[in-house]
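Dear colleague,

Please find the structure below, passed on to you for your own reading.

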Amino acid sequence: MIDPIFIAEAALNGILLGGVMALLALGLNLIFGVLDIVWIAYVELVMLCMYLVYFLVTGYGWPIWLGGLASVAFGAVLGVAVHLLIISPLLNSAAINQFLATGGLLFFLQSFATFLWTTDHRTVRLNLPIIEVAGMFLSFARLIAFVVAILAMIGLYLFLRHTFIGTAIRAVSQDRDAMRLMGANPQRVYVVTSAVGGAMAGLAGALLIIQYSVHPYFGAAFGPLTFMICVLGGLGNMVGAVVAAVIMSEIISVGGVMMSTEMGYVIAFVLFIVMMFARPGGILAKRE
Amino acid sequence: MARLTAAAVLAIIAAAPFLPMGGMRQYALHVLVQIFIWSFIGGAWSLMGRFGLISLGHGAFLGAGAYTTTLLWNFWGLTPWLGVLVAVAGAVVIGLVLGYPCFRFRVVGHYFALVTLAVGEVVRLLVIAERDWTGGSLGVTLKASAGEASLAAIQFADKRVFYYASVVVWLGGLWVWRRVDRSMARSALEAIGEDETAAASVGIHVTRFKLAITVLSAALTAVGGVLYAQYFTYVNPDTLSGIGVSLRIVFAVVLGGMYSLLGPTVGSALTIALSEYLRVLFGLKFIGMAETIYGLVLILCIIFLPAGIYGSLRAAIARRMARRRAAPA
């Protein structure tokens, strides 16, 4: 029998991981909502940002917060590049071609990272304390990542609610055709959305590198999970994304301790499949 | 004319193992067997793909097929001839369990693709999780049968046997494709792909048709998986299930063109030739470079040849023919 304290610890870690996963899923959600395209390679962008922070911090001795800011900027640039180079020519193509093009980007980034940096696992070592709460051990790095992720989501919320371009982004995700009818320029909204989505990937990368080691196949574990949380949360639903992220992270974290890491993922993915039948509009959507 | 070309191509395919190729024979046959196996699997995928049922999880059926026969043979010595029936039954069950609720609850488009992607991942992770008897991520090797060749075990040291077997299976796949292409079901499925509600309103049983084509595609993919396992005598969760292989199948089909009979074959031949060429070119130097170029080619093809190579070529020829026919008048 597993000591309940381990399960409680796993549950707490699940919530902390859920914060970062929600951030990632929201970035993807934003792009999915506005462009109606799923970037299969989204977490591969996160992987690149993690490498950037790793090299800046361990190679050039940058402080972690500066590396994080650089990562956010780099993520935004990557997002715009992906949009202009790959998505933009395919905006009116069949969905399958859009899937495949970003799928090709996944192969490309994974292998190019392998080529450049080999498959070694790399970790940023920060001397952050481990906190003991009621017999449970919590890493301070995870706590920081959680808090920053929550703050970033609040920031995103304010951006979407209170700026003109944010309102435009929400408008497009509600009705793409109406946007053109109003005479607005969708391309600008697309680029800004991709930049914001990319910046979220960059921030998530900075928050993940202080908890996990990075390697070229990092996206293989987190990629599918991110799509699923994104869809489970429901399009444009920020609270839904957080709820979905926490549920999925809990299952993976607790399931990982009670059974095995793989079984944790299996249960989470099966839950996703079942939820797609039961609540296709997202976990918090009203049943039609 | 077309009939004559087809006969000539078939004759070349039949004679291929006996053509003088010097020391290259074994390698050339190996590449050709792979091309036929993956063409068959691609064709099975395109049965769904051409009607808008984009599955990113065909690795689930492939892995289920390959692992079923391999494990049945390894643990109980069950001949793959019977094993393939179990494998197909398993894939059909997965197809039904996945398909029925999907079609019943109208999970379409991106959502269908993501659900199938999840199913492919579930199969991959289950294989890894059950490592005690599946070998986990290290994969599992098919137990060798006694002797050089065994019909009961479907194991042959001579590659030519597998060559002809894969050609026969491939031709069978083309035959099924053509049967579907010329059936009434095709019109029904095309109508469903265009507009489900409209199709339902004229009396097409949407769920039943979609389920039928899914089951057919799953069953054929499982057969492809069994053939793969028997030929390579080694199965591995990452090369048979999960996103990677599922995307590769789709890419080969889309590159070739999924609306034509030979599209999947052309696409598979090109992608396999490309990856073999890159593998030989780079060898053990520049690890990752081959795949990097593969990914790059994939992106460029999708952007510049959206209808696929074979599809674009056929469209270009058709256009030229039409112009020529129009010119004398």
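**Salt bridges**

In this predicted model, E121(B) and R124(B) are joined through their side chains by a salt bridge, with an N to O distance of 3.1 Å. The two residues are separated by about one helical turn, because they stand three residues apart in helix α5 (residues 109–129) of chain B. E121(B) is buried, since its relative accessible area is 3% and buried means under 20%. R124(B) is buried as well, with a relative accessible area of 13%.

Side chains of opposite charge can pair when their charged atoms come close. Over all chains, the structure holds 11 salt bridges. One of them crosses between chains, running from E262(A) in helix α11 (residues 261–278) of chain A to R131(B) in helix α6 (residues 131–134) of chain B. In this pair of E262(A) and R131(B), the closest N and O atoms are 3.1 Å apart. The surroundings of the two partners may be described in turn. E262(A) counts as buried, because its relative accessibility is 16%. R131(B), by contrast, is partly exposed, with a relative accessible area of 41%.

A further salt bridge links E190(B) with R186(B), and here the closest N and O atoms are 3.1 Å apart. Both residues belong to helix α8 (residues 184–194) of chain B, where E190(B) and R186(B) are four residues apart, about one turn of the helix. E190(B) is partly exposed at a relative accessible area of 33%, and R186(B) counts as partly exposed at 26% relative accessibility.

**Surface patches**

On chain B, a positive surface patch is formed by R319(B), R320(B), R323(B) and R324(B). R320(B) is located in helix α15 (residues 309–326) of chain B. Is R320(B) buried or exposed? R320(B) counts as exposed, because its relative accessibility is 55% and the cut-off for exposed is over 50%.

Chain A carries a nonpolar patch on the surface, made up of I5(A), F6(A), V257(A), M258(A), M259(A) and I267(A). Together these residues have about 510 Å² of accessible area. Which helices of chain A each supply at least two residues of the nonpolar patch? They are α1 (4–35) and α10 (238–258). M258(A), one of the patch residues, lies in helix α10 of chain A. With a relative accessibility of 45%, M258(A) counts as partly exposed.

**A hairpin in chain A**

Strand β1 (residues 130–133) and strand β2 (residues 136–139) of chain A pair in the antiparallel sense, over four bridges. Within this pairing, I130(A) stands opposite S139(A) in β2(A). The hairpin of β1(A) and β2(A) has two residues between the strands, and A134(A) takes a positive phi near 50° there.

Yours sincerely

Conventions. Residues are numbered from 1 along each chain as its sequence is written. Chains are lettered from A and ligands numbered from 1 in the order in which they are written. This is a predicted model: local features need pLDDT of at least 70, side-chain atom pairs count only at pLDDT 80 or more; totals for chains, interfaces and linings use all residues. Side-chain values use heavy atoms; hydrogens and water are left out. Patches are made of residues with over 30% relative accessible area and no salt bridge: like charges are joined within 9 Å, nonpolar side chains (Val, Leu, Ile, Met, Phe, Trp, Tyr) within 5 Å. Accessible areas come from the Shrake-Rupley method with a 1.4 Å probe; for residues, only the protein chains shown count as cover. A salt bridge is a side-chain nitrogen of Lys or Arg within 4 Å of a carboxyl oxygen of Asp or Glu. Lys and Arg count as positive and Asp and Glu as negative; His and the chain ends are not counted. The place of a charge is taken as NZ of Lys, CZ of Arg, CG of Asp or CD of Glu. Buried means under 20% relative accessible area, exposed over 50%, partly exposed in between (1.4 Å probe, protein chains only). Two strands pair if DSSP finds at least two bridges between them.
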